[in-house]
2 protein chains.
Amino acid sequence: MGQNIRDRLLSLLIQYQPQFVSGEEISRELGCSRAAVWKHIEELRQEGYEIEARPRSGYRLLYRPDRVAPEEIAYHLHTKKFGREIRYQEVVASTQILAHQWAREGAVEGSLVVAEEQTEGRGRLGRSWYSPPRSGVWMSLILRPPILLTEASHLTLLASLGVKQGIERVTGLPIQIKWPNDLLVHGKKICGILTELRGEQDQIHYVILGMGINVNTPEKNWPEELRAIATSLAIELGGPVHRASLIAAILEELEEVYDHYLQSGFSKIKAKWEQSSGIIGKQIVARTPQGVITGIAEHLNDQGALIIRTDRGLVSVHSADVSLK
Amino acid sequence: MGQNIRDRLLSLLIQYQPQFVSGEEISRELGCSRAAVWKHIEELRQEGYEIEARPRSGYRLLYRPDRVAPEEIAYHLHTKKFGREIRYQEVVASTQILAHQWAREGAVEGSLVVAEEQTEGRGRLGRSWYSPPRSGVWMSLILRPPILLTEASHLTLLASLGVKQGIERVTGLPIQIKWPNDLLVHGKKICGILTELRGEQDQIHYVILGMGINVNTPEKNWPEELRAIATSLAIELGGPVHRASLIAAILEELEEVYDHYLQSGFSKIKAKWEQSSGIIGKQIVARTPQGVITGIAEHLNDQGALIIRTDRGLVSVHSADVSLK
């Protein structure tokens, strides 16, 4: 309940910004005493919000810290299920670990784990993911789709489409999808998606969509070896992006794509993915566990595998690092 | 180390049974004092072993309790990896739960969880599995196959083949496989196999093969509703089966089938499965989440789906309850 009042107080301050809103109006809107309002204002200040209090004028918001806390996300969010339950922590080893744990404990579909910093952020195949504090979006979404294990690769493709649309909506930057799970801006990595799941043949118990997005990382902060291949939205835009709004936009787009998939199946998503991809129709090199495959990326099959036309005919690839030749 | 000495002591006693083995020989073989031998004898007695001690003759084993403890399994086991690490408990909620936990903590391939009793034994799709104390084999095997998520259904089929061969070797009973995960004797259920896994698109983190086998359950102990559809090996054989030997035989057959699969792929296993199945070539009814399909079970496809010839052509089924028509 305290959380709710603070959320509503913050919403009110944001709504009036840069104007003052009177203490009287706040206490009327929130249905609480002037003393309680003051207590919540103090709490917000402790979290980094700068709020001016002026006698006879009331309160006004001067500065919102760039936090991805539940109340910041909730303020921007218009979804039915995605992100309606949030577990937020300043620092985690990895949001994936927390999400698995929560899912096992029975988290509902759409539950979200989000953190300001990951000390052991992970990418695909156990690779590490650079997740410095307050500079990116590090989050994990819990899904419970009524699909088979053999259809699970649809979810990675669906997720890359949803995240792409969310980033484009907020930044206007052109995002390309690199099969199977990376998003690129101008050829450099901006986002990785990690789909993990637990299930049996007939039933998926849960899926965790892990997303790492480089939002406000300044170029100088990148580890040397990443500068050539990775970038951040702020570098490409020339200015910072509000992370909580970005999260809200991504959750909205994801929910829409996901609902569409559950209702109408994979075919439309596949077609849209192929259009959005930076590789379909192009000469590519796919490094697979079985060796290197060179050819033209033709299309996806119904399972989400990438079909490559090589000198020796069509080859389907389920797992690879793909790059343009 | 204490565990090892006790295992070796038990092996020695079993080897000499029904003869005596002298305390002097035991202490020489085990490289420990006569007092230490006595201590281990006492431990075994506390676990239900009856051991006679006679001055000047030594010790002899009179009775081995029917336990599925690691030392009992180890005595019969000739595998490279399967069952070489065992976690054993008298009572568990479900061996699957423990196995998932152990796998997350890094259990090596072939690690086995086994219990005398399950209070919340589970079957496919969250159904319950009747697992009364000391009357069955309730175990979960941890695997780490280098395969894709889309190939995971191979493992259920492979497991049903391995378990069938293990049971047949020990009992001589004719076992039929019912797609996808049940074993039958004379048309009644003797074993269920539950394949659960955690992974991502490119990589399986681990698979848990859960097996529930009705070994020595007397008919009168079955819940009423199960008597018509389930049976135990003891009922069919007319006498009890030594559970630890059965576990060892199953692990050996499983390991062989699994190694063969990793080296040579799914095709031979598929062919063998089709031969062993009670349904291929027969008129069946498959109850799927999407509705009831009637037709002739033709074969398995490369993914392990069941292909059924219906009035409207071939249909592939990934998930169903199948019965003969």
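# Close-ups of a predicted two-chain model

**View 1. Helix 6 and helix 9 of chain A pack against each other.** In this predicted model, helix 6 (residues 153-171) of chain A and helix 9 (residues 243-264) of chain A have axes 8 Å apart, at an angle of about 140 degrees. How do you describe a pair like this? Two packed helices are described by the angle between their axes and the distance between the axes. Angles over 145 degrees count as roughly antiparallel and 65 to 115 as roughly perpendicular, so helix 6 of chain A and helix 9 of chain A end up oblique to each other. The crossing of these two chain A helices is right-handed.

**View 2. Here are the residues where helix 6 of chain A touches helix 9 of chain A.** On the helix 6 side, look for residues including His154(A), Leu158(A), Gly162(A), Gln165(A) and Arg169(A). Among their partners on helix 9 of chain A are Ser245(A), Ala249(A), Glu253(A), Val257(A) and Tyr261(A). Sort the residues of this chain A contact by class and you get 14 nonpolar, 5 polar and 3 charged.

**View 3. Now for helix 6 and helix 9 of chain B, which pack too.** Helix 6 (residues 153-171) of chain B and helix 9 (residues 243-264) of chain B pack at about 140 degrees, and their axes are 8 Å apart. Helix 6 of chain B is therefore oblique to helix 9 of chain B. Is the crossing of helix 6 of chain B with helix 9 of chain B left-handed or right-handed? It is right-handed. Residues to spot in helix 6 of chain B include Leu155(B), Ala159(B), Val163(B) and Ile167(B), and helix 9 of chain B brings in Leu246(B), Ile250(B), Leu254(B) and Tyr258(B), among others. The classes for this chain B contact come out as 14 nonpolar, 5 polar and 3 charged residues.

**View 4. Chain B can be laid on chain A.** Which surface do the copies use to meet? They meet through the same surface, because 100% of the interface residues of chain B are also interface residues in chain A.

**View 5. Two stretches of chain A carry UniProt labels.** UniProt, in an unreviewed entry, gives residues 23-42 of chain A as "DNA-binding region". Those residues 23-42 of chain A are 85% helix and 0% strand, with end C-alpha atoms 13 Å apart. The record also puts "domain: BPL/LPL catalytic" (unreviewed entry) at residues 71-262 of chain A. In residues 71-262 of chain A, you'll find 33% helix and 29% strand, and the end C-alpha atoms lie 29 Å apart.

**View 6. Zoom in on a cis peptide bond between Gln17(A) and Pro18(A).** Omega for this bond is about 5 degrees. Where is Pro18(A)? Pro18(A) sits in the loop between helix 1 (2-16) and helix 2 (23-30) of chain A. Over in chain B, Gln17(B) and Pro18(B) are joined by a cis peptide bond with omega of about 5 degrees, and Pro18(B) is in the loop between helix 1 (2-16) and helix 2 (23-30) of chain B.

**View 7. Last stop: His186(A) has a positive phi.** His186(A) isn't a glycine, yet its phi is about 45 degrees. You'll find His186(A) in the loop between strand 7 (182-185) and strand 8 (188-200) of chain A.

Terms used:
Residues are numbered from 1 along each chain as its sequence is written. Chains are lettered from A and ligands numbered from 1 in the order in which they are written. This is a predicted model: local features need pLDDT of at least 70, side-chain atom pairs count only at pLDDT 80 or more; totals for chains, interfaces and linings use all residues. Side-chain values use heavy atoms; hydrogens and water are left out. Axes are lines fitted to C-alpha atoms, for helices over the stretch in contact, and angles run from 0 to 180 degrees between N-to-C directions. Helices (H or I, at least four residues) and strands (E, at least two) are DSSP runs, numbered from the N terminus. Angles under 35 degrees count as roughly parallel, over 145 as roughly antiparallel, 65 to 115 as roughly perpendicular and the rest as oblique. A crossing is left-handed if the near helix is turned anticlockwise from the far one by less than a right angle, and right-handed if clockwise. Contact means heavy atoms within 4.5 Å. Ala, Val, Leu, Ile, Met, Phe, Trp, Tyr, Cys and Pro count as nonpolar, Asp, Glu, Lys and Arg as charged, and the others, Gly among them, as polar. Copies are superposed by least squares on the C-alpha atoms of residues with pLDDT of at least 70 in both. UniProt positions are given in the numbering used here, feature names are shortened, and annotations may be inferred rather than shown by experiment.
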